[in-house]
Amino acid sequence: MESISVFEIIKVGIGPSSSHTMGPWNAAAAFIRIIKRERSIEEVKEVFLEFFGSLAKTGIGHGTDIAGMLGLNGEDFKTINTSKIDEKIDYIKSTQTINLGGEKVIPFIYGHHLILNMKKSLDFHPNGMIFRAVFEDGTELVQDFYSVGGGFIASQEKNSIQKQCVRTLYPCHKASDIAKYCEKLGFDKISDLIFMNEESWRTQEETREEALYIWQQIKECIYKGVNKEGILPGGLNVTRRAAGINRKLLGDKIYKNKDEWFQQVVDAEENFTNINKWIACFALAVNEENASFGRIITAPTNGASGVIPAVLMYAQAFTPFTSEDDIVRFLLVAGEIGTLFKKNATISAAMGGCQAEIGVSSAMAAAGLTEILGGSVGQVLMAAEIAMEHHLGLTCDPIKGLVQIPCIERNTMGAMKAITAANIALESDPTKAKVTLDEVILTMWETAQSMSDRFKETSEGGLAIAVNVPEC
């Protein structure tokens, strides 16, 4: 089994969906690379893109079509100016052209070259898409891709096409592997083991730098979110709430940048109600940014991107465990727990419902928090198990296919469950636990397989059809 770096699970992304936005964007970029490898961009006459299944059914709300076009246009979601996205898409549609790979302008008519096929699903995975390039000599290059969660993509020929297969020194494909190697090596911190394994990709210093970079991106995203008012795009007319909560909690305090704001949060009155509201505010801020095509930290998906930032920000603002070392260890452990779900179940709502997104992120956050609060190896794994146990069966039924209702509020609940799970685990004896993390991951996967497709990000069941929202 392939090892996965924690920074493939926790990484810089763009809203609103890792499966429906980042995945198609990555697939488009991968198709460009295939064209260059097999022929050349200059030889391409036309390019076609067809989305199937869940990608088609909720594609407009998730910006799947936008991601596909921008990916083919040679844009990178890690660096694109997000405020220019609408302008770039308007240009493609109005000129009926696309700058393929940023190298050659070719005809591109929305609805002809790009199609959302809502009547058909591909067999390999619900999030399927097919790219087709037609060359000047009439020959074609066709490639299928599947967005399998968290921005990861695959094809039928290859389970993962993003990274070369890596095997770590101490492969941890199950929670029992983590416990086994920690005992063998005499580690009382899971993060010590993860530090060693991450050396398969980078040095320990580079690992620290990447984790601290992600922390700065988290702070930046939350800061943007707590300072933006207005209505979220998409037609549901959802009002941003993070800014209002932030304003009420800080009163008349003034700040000029994210570091001054963060210090005001740290210095604010601490009581249970206020801390609870701050946690909700942090999560809302991230997911309101996500819903607006903002740059966020995918952890492990975009729909669940507010949980880990909210819990880590809580730890930094309201606990004594605020060192850079604590930040790094939190993220390493959280990311490693995410890899267990990726390998043994799914982190795709189209495959497993929202338990695969909010549930996994809550388990990740619970483990990371327990690690820095002084939990043992067993308690860290127990915290992750508790958090997932109480998300089992959670459906994905977004209204109008938008990552807004109930997705945004669910992040606040996932964060609170993570903190509760950590506190319970810290007061418990893991040797007396009746359910292991490996068992709950298996149960989550079995639940996913039994769940009706209507509750797997298709907008064909639950709230998505119970709430009648007129098209705008």
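1. Let's begin with the second largest pocket, which has 38 lining residues. Those nearest its centre are Ile-60, Gly-61, Pro-233, Gly-234 and Phe-293. Please keep in mind that this is a predicted model. The volume of the second largest pocket comes to about 890 Å³.

2. Which helices each supply at least two residues of that lining? They are helix 4 (59–62), helix 5 (64–72), helix 6 (85–95) and helix 12 (272–291). Helix 6 gives the largest share of the lining, with five residues.

3. Sorted by class, the residues around the second largest pocket are 15 nonpolar, 11 polar and 12 charged.

4. Elsewhere, I would point you to a helix pair. Helix 8 (residues 190–198) and helix 9 (residues 204–225) have axes that come within 9 Å and cross at roughly 110°. Angles of 65 to 115 degrees count as roughly perpendicular, so helix 8 and helix 9 are roughly perpendicular to each other. Their crossing is right-handed.

5. Where do helix 8 and helix 9 meet? On the helix 8 side the residues are Phe-195, Met-196 and Glu-198, and on the helix 9 side they are Gln-204, Thr-207 and Arg-208. The residues of this contact divide into two nonpolar, two polar and two charged.

Technical notes:
Residues numbered from 1 in each chain as written. Predicted model: local features only at pLDDT ≥ 70, side-chain atom pairs only at ≥ 80, totals over all residues. Heavy atoms only, no water. Axes fitted to C-alpha atoms, helices over the stretch in contact; angles between N-to-C directions. Helix = DSSP H or I, 4+ residues; strand = E, 2+ residues; numbered from the N terminus. Parallel < 35°, antiparallel > 145°, perpendicular 65-115°, else oblique. Left-handed = near helix turned anticlockwise from the far one by under 90°. Contact = heavy atoms within 4.5 Å. Nonpolar A, V, L, I, M, F, W, Y, C, P; charged D, E, K, R; others polar. 1 Å grid on protein atoms, 1.4 Å probe; cavity = no way out; pocket = protein on both sides within 12 Å on 5 of 7 lines; lining within 4 Å. Points joined across faces, edges and corners; volume = space filled by probe spheres on them.
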